[in-house]
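Subject: Structure handover

Hello,

Here is the structure for you to look through. Please open it first, then read my notes below.

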Amino acid sequence: MEARDWPIYNPQVIEPRWQQSWEQGGLHLASEGGERPKFYCLDFFPYPSGEGLHVGHCRNYIPTDVMSRYKRMRGYNVLHPMGWDAFGEPAEQYAVRQGVHPRITTDQNTANYRRQMTMIGTSYDWSREIDSSRPEFYRWTQYFFLLLYQRGLAYRDTNWQWWCDGCQTTLSSHEVVGGVCWRGHTTVYKREIPAWYFRITAYADELITGLDEVDWPEPIKAMQRSWIGRSEGCEVVFRSEAGEPVPVFTTRPDTLFGVTFFVLAPEHPMVAALTSSEQRAEVQAYMEQTSRKSEVERLMERREKSGVFTGGYVIHPLTDERIPVWIADYVLPTYGTGAVMGVPAHDERDFEFARRFSLPVQVVIAPPQAETLDETAWGSAYTGTGRMINSGIYDGLPSDEGARRTSARLQDLGLGGPKINYRMRDWLISRQRYWGTPIPIAYCEDCGEQPVPEDQLPVLLPPMQDFQPDGSGRSPLARLPEFLNTTCPACGGPAKRETDTMGGFACSSWYFLRFTSPHFHQGPFEPHAMRYWMPVDLYVGGAEHAVLHLLYARFWTKVLADSGLVLFREPFASLRNQGQLLAPDGTRMSKSRGNVITPDNIVLSHGADALRVYEMFMAPFDQDIAWNPEGLSGARRFLNRIWSLYRETYVGSLNATGDDPALNRLQHKTIRNVEQRIEGFRLNTMVSTLMEFTNALSDRHRVGSWRTAAFHQALETLLLLSAPAAPHIAEELWQLTGHTGSVHQQAWPAWDPQLAHDEMIQIPVQVNGKLREVIEVPAGITPDDLQQAALELPRVQQHLEGRQVAKTIYVPGKVLNLLTK
């Protein structure tokens, strides 16, 4: 080929052409069976609640595409699907702002998302696209609701919940911060609301132990364990003066003799019964005040304690003392029993409360080394263990032994005993909104609550033009007689439908199963396809879903396993969380700030491959980073170098002979490094490895050392290694150099361990300046790879104690020092 015949690199022409060719050729369609291993790679499916993607979203979708393309070249059957989490308030509120029905905006937005995802070169199997707001999907969401109901895991109850007058619906605690809802409304308060719940607490222990079976980031596991909040302790049953039991949970039964007051959460059901007529007005005012505070506000450590005496008393179970009862907002109804025995000498919050209201302090645990004890000199609570004092027959016992004996005595008396408590509460699923999956329940005056029979599913969401709430606190569906009025499934008489809809997390708790067979009509999934593809091998999305979607999906899967529908108990074998991509000024991208950068503009100016390379190269995958336009230009220059290298090599004669042992060794090391860095999701160093290899080839070409068979072999290897990251330019150059078939259907190049062998060196690893381990690594290891290897060492993890590394100091070849926050 003559130089004049070699085309210029024009991604705006190349990329759409290859995207169309791949789609028409079915290049990304998944198929099960055969001898090849399977790989199920899944992104958290997105809310189609905005006008389109920005470059921050691409930081999720591009890396999973790289992994999927790489696995196909490694010989895997790859399932890489995409769909839409289309039900729920985000989509409904977007439709309200646009003044049109959510069906219209959802369809418009999903079409735009699909266009953008194709534009950046993602290799999704679009034949499996799902939409959670379509009856063919939510029919099975209702099916699973009935399964939970039949197993006693779905129930209706009346509890205190966040309510927003602006949103006109219940809200979960994570949607309310500082008394303001997630949409900015300040009209947020607690109301007693009848609602549907899923009994996730029934699986609390397994939700903790199951975390040991999965390859997930440790911070995510820690967040789930903390959210579940398993505590071993003791239930202690106090009684009102009328004889009503008022239980508390404590992890320190050894301090029971130090109780000097008793505190209820303002929402506790016993408040009214324990409030005297003289205190009723003050108690009611305090309850109203507390109803407008978030749990975060109520638990702020530096906030001055507040509370009100109820005028009532409870009876101590072991001493029969009358203990005054207060209400205070630092006690939450969602933890323990919503009641606390006040032990100010040995609990810091109780101590602050007692000091604020001049309540007595009774010391019952003496520190181990204390020879004398001046209780009046204490300026804070002693929260450690020690020797029991002022505790009757338990005086002198070590506190651990005293705790066991106290717990056993309470059990013998029928007034408590050993107990495990969980911070997690059951999952509130009801929403008083229109755009959601209808709950398949009917209410009959004669038969009561009745599930809709499975053969009558789906209960269709009816079209409504006026779908906004009316301020009554009921779902808009309650205004639609043709939906509301039905017949009782049991007796055939008149009945009313449940008008609450399910929150969007119900849909996302099982959608990954539907992708295995989205066109199957006899069940939620075809059993053979589900068994072939599940569990998901790699799941990628934001860490903000650590204790919501991820926890709910794990719960749902365990219920299905116990029902015999699936053979596994954890849905996601491996999880990775991307870091946040910020605007150039370091703030979050948002339309209101005017700093959103769309992939459309970047593809138009630099090309999709440049965007892909930059999104991976900018930083480690899980690190927050600000967008830098100069980095994007650097990615485009890298692609230009590859293009130019091919043009300069392939014009003119190709009579290449001879060998280059050094280049051959470099080629095998590069294959190994790229492979290992993709597998380890270290995509920034994967790109840097490709850049180093390209530079090495360019240097050889510059000095005339390119007319060898080894050089041409290395150049072809570069193309194959670049294909997952920069699929369009790789495909174009593959065709220009006379190859047949797609570059993406070629086998991944193999490497010889002997040729790829590195000289090994030993590097001392310090944590906060103290030597903790010595690691043996290749002499040419990058700082990022060295840090990653060091963080995987058990002794380093032990000394990090769960803390994050804030700064790394590496003296090349000498020492690595990890500094924590």
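Is R569 buried, partly exposed or exposed? R569 is partly exposed, with a relative accessible area of 28%. The cut-offs are these: buried means under 20% relative accessible area, exposed means over 50%, and partly exposed lies in between (1.4 Å probe, protein chains only).

Before going on, note that this is a predicted model, where local features need pLDDT of at least 70, side-chain atom pairs count only at pLDDT 80 or more, and totals for chains, interfaces and linings use all residues. Residues are numbered from 1 along each chain as its sequence is written, and side-chain values use heavy atoms, with hydrogens and water left out.

Salt bridges

R569 has a salt-bridge partner, D562. Their closest N and O atoms are 2.9 Å apart. A salt bridge here is a side-chain nitrogen of Lys or Arg within 4 Å of a carboxyl oxygen of Asp or Glu. D562 is partly exposed too, at 35% relative accessible area. Both residues belong to a salt-bridge network, which also links E206, R554, K558 and E570. By this rule the structure has 42 salt bridges.

Another one joins D660 and R700, again with 2.9 Å between the closest N and O atoms. D660 sits in the loop between helix 20 (629–650) and helix 21 (661–679), and R700 sits in helix 22 (residues 683–702), so the pair ties together parts that are 40 residues apart in sequence. Helices (H or I, at least four residues) and strands (E, at least two) are DSSP runs, numbered from the N terminus. D660 counts as buried, at 14% relative accessibility.

Now look at D65 and R69. Their side chains form a salt bridge of 2.8 Å, N to O. Both lie in helix 2 (residues 55–73), four residues apart, or about one turn of the helix.

Four strands make an open sheet, with parallel pairing and the order 2-1-25-26. Strand 2 (77–79) and strand 26 (575–577) are at the edges, each with a single partner strand, so one side of each has no neighbour in the sheet. On average, neighbouring strands are turned by 15 degrees against each other, direction ignored. For such angles, axes are lines fitted to C-alpha atoms (for helices over the stretch in contact), and angles run from 0 to 180 degrees between N-to-C directions.

Strand 1 (residues 38–43) pairs with strand 25 (residues 538–541) over three bridges, in the parallel sense. Two strands pair if DSSP finds at least two bridges between them. Find C41 and you will see L538 of strand 25 opposite.

The cores

The largest nonpolar core holds 82 residues. Such a core is a set of buried Ala, Val, Leu, Ile, Met, Phe, Trp, Tyr and Cys residues joined through side-chain atoms within 4.5 Å. F512 and L513 have the most contacts inside this core. Apart from it lies another core, of 74 residues, including A608, I642, L690 and L719.

C488 is in none, and its nearest cysteine sulfur, in C491, is 3.8 Å away. C488 is buried, at 4% relative accessible area. The sulfur of C491 is 3.7 Å from the closest cysteine sulfur, in C447, too far for a bond. C491 is partly exposed, at 43% relative accessibility.

Best wishes

Note on methods: Disulfide = S-S within 2.5 Å.
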